[in-house]
Amino acid sequence: MAFDAEFQTWWERLSEDDKTRLKAAAGQDVLRRATTRLLLQTACPLGPIGTRWESPIGPRPAAPSEINWIWPASVREFVLSR
């Protein structure tokens, strides 16, 4: 993995509570809003990937809740391996 050292440094900075929350979340297919926020607030080296639907004639106005966040595979694998 290209970010091994960065992931390890990030992981060591996390509180035990944050680590527990991330481990539980990594076992789920859906990246929930609280987990997305945690990844962003803790400056994960590779953040969650956000996507939203856009129409062929331009972006559809979307509330932040309409963004679909997914785990980057390398982040999820790292957390699960801990």
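**Entry 1. Terms and model**

I call a residue buried when its relative accessible area is under 20%, exposed when it is over 50%, and partly exposed in between, with a 1.4 Å probe and protein chains only. The model is a predicted one, in which local features need pLDDT of at least 70 and side-chain atom pairs count only at pLDDT 80 or more, while totals for chains, interfaces and linings use all residues. Residues are numbered from 1 along each chain as its sequence is written, and side-chain values use heavy atoms, with hydrogens and water left out.

**Entry 2. The chain as a whole**

I looked up the secondary structure and found four helices and four strands in the chain. Helices (H or I, at least four residues) and strands (E, at least two) are DSSP runs, numbered from the N terminus. Along the sequence I read the pattern α-α-α-β-β-β-β-α.

I noted that the chain has 82 residues, of which 29% are buried. Its accessible surface is about 5400 Å², and carbon and sulfur atoms hold 54% of that; the areas come from the Shrake-Rupley method with a 1.4 Å probe, and for residues only the protein chains shown count as cover.

I then turned to contacts, meaning heavy atoms within 4.5 Å. Of the contacts between residues at least 6 apart in sequence, 60% join residues at least 24 apart.

**Entry 3. Helix 1**

Which residues of helix 1 are buried? I found Phe7, Trp10 and Trp11 buried in this helix, which spans residues 4–13. Seen down the helix axis, these buried residues fall within an arc of 100°, so they line one face of helix 1; the arc is that of the directions from the helix axis to the C-beta atoms. On the other side of helix 1, I recorded Ala5, Glu12 and Arg13 as exposed. The buried residues pack against helix 2 (16–26), helix 3 (33–41) and helix 4 (73–80).

**Entry 4. Helix 1 against helix 2**

Two packed helices are described by the angle between their axes and the distance between the axes. For helix 1 and helix 2, I noted axes that come within 8 Å and cross at roughly 120°. That makes helix 1 oblique to helix 2. Axes are lines fitted to C-alpha atoms, for helices over the stretch in contact, and angles run from 0 to 180 degrees between N-to-C directions. Angles under 35 degrees count as roughly parallel, over 145 as roughly antiparallel, 65 to 115 as roughly perpendicular, and the rest as oblique.

I listed Trp10, Trp11 and Glu12 of helix 1 as meeting Lys19, Leu22 and Lys23 of helix 2.

**Entry 5. Two threonines**

I placed threonine 35 in helix 3. Its relative accessibility is 11%, so threonine 35 counts as buried. Apart from neighbours within four places in sequence, threonine 35 is in contact with Leu22, Ala25 and Trp71.

Threonine 51 lies in strand 1, residues 49–51, and counts as partly exposed because its relative accessibility is 41%. I found 5.6 Å between the C-alpha atoms of threonine 51 and isoleucine 67, which are 16 residues apart along the chain.

**Entry 6. Two loop residues**

I located aspartate 29 in the loop between helix 2 and helix 3. With a relative accessible area of 70%, aspartate 29 is exposed. The C-alpha atoms of aspartate 29 and arginine 76 are separated by 9.9 Å, at 47 residues apart along the chain.

Alanine 43 is in the loop between helix 3 and strand 1. I noted its phi near 60°, a positive value in a residue other than glycine. At 47% relative accessibility, alanine 43 counts as partly exposed.
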